[in-house]
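Open the model in your viewer and show it as a cartoon.

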Amino acid sequence: MKKALYISLMVSIFISCTSKKITNLKPLTGYWEIEKVIMPNGDKKEYKLGTTIDYIKLINDSTGIRKKLHPKLDGTFETSNLEEKFTIEQQQNKTVMHYKTSLDTWDETLTLLTKDKLVVTNKENFKYYYKRFQPFDFNNNGQKK
């Protein structure tokens, strides 16, 4: 009985330490390029060259939009007019983005947000790692800035 209680307590502490609210949401606005996805079983899929960029715009502290963009070599983007609207909810120990489109609804938990890094986790426990998108700079031998 004591062992089960101890294990339960340790799991609760681990969960509370790994989830936290993200209160400064301002860095969310911008262009994000996916780096990798880590699956629940630990498998990893890395993206060396992203062909799709996520543009996220925070409208206020609780709403925003996300659009998929395709970067072009001239520094512009190709896009459709489709955008995914989301709301943000500060729950007890986490920050959740609730998406709703005409076709689907889903949630993502913000795990990490800095000016250069974004990590979100979905309900299947897939972790999506993004970095701030840097456009190509052909004045620097075609390398990214």
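In which sense do S7 and strand S8 pair, and over how many bridges? Select residues 105-113 for S8. S7 and S8 pair in the antiparallel sense, over six bridges. Strands here are DSSP runs (E, at least two residues), numbered from the N terminus; two of them pair if DSSP finds at least two bridges between them.

This is a predicted model: local features need pLDDT of at least 70, side-chain atom pairs count only at pLDDT 80 or more, and totals for chains, interfaces and linings use all residues. Residues are numbered from 1 along each chain as its sequence is written, and side-chain values use heavy atoms, with hydrogens and water left out.

Now pick His 98. Opposite His 98 stands Asp 107 in S8. Follow the chain from S7 to S8: a hairpin joins them through four residues.

Next, select residues 84-90, strand S6, and residues 95-100, strand S7. S6 and S7 also pair in the antiparallel sense, over six bridges. Gln 90 stands opposite Thr 95 in S7. A hairpin of four residues joins S6 to S7.

Last stop: the cavity. On a 1 Å grid over the protein atoms alone, a cavity is a set of points where a 1.4 Å probe fits but cannot get out. The structure holds one cavity of 30 Å³ or more. The largest cavity has a volume of about 50 Å³, counted as the space filled by probe spheres set on the points. Select its lining (residues with an atom within 4 Å of a point): Pro 71, Lys 72, Leu 73, Gly 75, Thr 76, Phe 77, Phe 133, Pro 135 and Phe 136.

Notes:
1 Å grid on protein atoms, 1.4 Å probe; cavity = no way out; pocket = protein on both sides within 12 Å on 5 of 7 lines; lining within 4 Å.
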